[in-house]
Amino acid sequence: MAEFQLNPSSSWLRPIIYLGLVFLALIAGCSLIKVERIDAGNVGIKVNLAGSSRGVDDITYTTGWVFYSPLSTAVYEFPIYTQHKEYEEFEVQSKDGSGFGVAPSLNYFVQSGKVDDIFRQYRRPLPAIEEGFLKTAVYEAYRVATNRYTADSLISNRGSYEAQVKANLVSQLQAMGFTVQQITTKLEPPASLKAAIDAKNTAVQTGLQTENRIRQAEAQARINIAEAEGRAKAIRIAADAQAYANEKQQQSLTPLLVQMRWIEAWEKGGSSVPTYTSGGGGGQFLLQLPPVGNAAK
């Protein structure tokens, strides 16, 4: 068998071969060693994929660079800052059997010291846990809380209802490494109850409008009465003033004043001259004298 020997004229191939070997070595090294940066606000979990110690290591990386071999190790990032999760609407039943639709929104965070326990328990990243375990816990908290209320009391006590849901979640999740900060609910009553509530609200609004009209009518009546009383009072005052004036005028008409006015009218002549009069008891007497021209005749 003939041996293969490089031709001295092909010695230029040697550097290319060496470069190829170095490139292959780099590729192999990159496949054996991997670097990942754990961002601030996250916790890194290193998981052994092979060997007798398969599982979660005791080392929890907070931030910084992590060096590991992807052939035997996996690294997962868990955010420990506040997470916001909105769930699609599902139905729960009240104590009296009415079905309510609820679409909850949840604010929570993962306790940094419990990240390894959470991963050891569920073996999934956080988004998968949200759609699995957390979703089931939220549903159960709503189911238990809703079943303690009748339909009417649930509508009337939304605040205490959501507080009960949060208390149920906290008691279930706190010890497992999840801290619930806030939960809000888009509560949708059944169609029949919603129609009854709308009718009741319409009746209440109609009653309020009627009461307002009654108050306005009563106020207007009081205004009219006050105005009428004011006019009557003004008339009485004017009448009293006129009566007082008449009385004073009568008191001022003494016999002497009357005689003076007769004399004044007599001196002026004309139709205003008095014909005759007599005083009280016949003490005074005044005759109509003929005109001066007639006396001459």
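Reader: In this predicted model, about how many helical turns separate glutamate 140 and arginine 143 in helix H3?
Author: The side chains of glutamate 140 and arginine 143 meet in a salt bridge, at 2.7 Å from N to O. Glutamate 140 is partly exposed at 31% relative accessibility, and arginine 143 is likewise partly exposed at 37%. Because the two lie three residues apart in helix H3, their separation is about one helical turn.

Reader: Is lysine 85, which meets glutamate 131 in a salt bridge, buried or exposed?
Author: The pair, with 2.5 Å from N to O, links distant parts of the chain, since lysine 85 belongs to strand E6 and glutamate 131 to helix H3, 46 residues apart. Glutamate 131 has 44% relative accessibility and therefore counts as partly exposed. Lysine 85 has a relative accessible area of 15%, and because the cut-off is under 20%, the word that applies to lysine 85 is buried.

Reader: Which element gives the largest share of the largest nonpolar core?
Author: This core has 35 residues, and among those touching the most other members are Leu134, Tyr142 and Tyr161. Tyrosine 161 touches, among others, Val92, Val102, Tyr142 and Leu187. The elements that give two or more residues to the core include strand E8, helix H5 and strand E9, while the largest share, nine residues, comes from H3.

Conventions: Residues are numbered from 1 along each chain as its sequence is written. This is a predicted model: local features need pLDDT of at least 70, side-chain atom pairs count only at pLDDT 80 or more; totals for chains, interfaces and linings use all residues. Side-chain values use heavy atoms; hydrogens and water are left out. A nonpolar core is a set of buried Ala, Val, Leu, Ile, Met, Phe, Trp, Tyr and Cys residues joined through side-chain atoms within 4.5 Å. Buried means under 20% relative accessible area, exposed over 50%, partly exposed in between (1.4 Å probe, protein chains only). Helices (H or I, at least four residues) and strands (E, at least two) are DSSP runs, numbered from the N terminus. Contact means heavy atoms within 4.5 Å. A salt bridge is a side-chain nitrogen of Lys or Arg within 4 Å of a carboxyl oxygen of Asp or Glu. Lists of a residue's contacts leave out its neighbours within four places in sequence.
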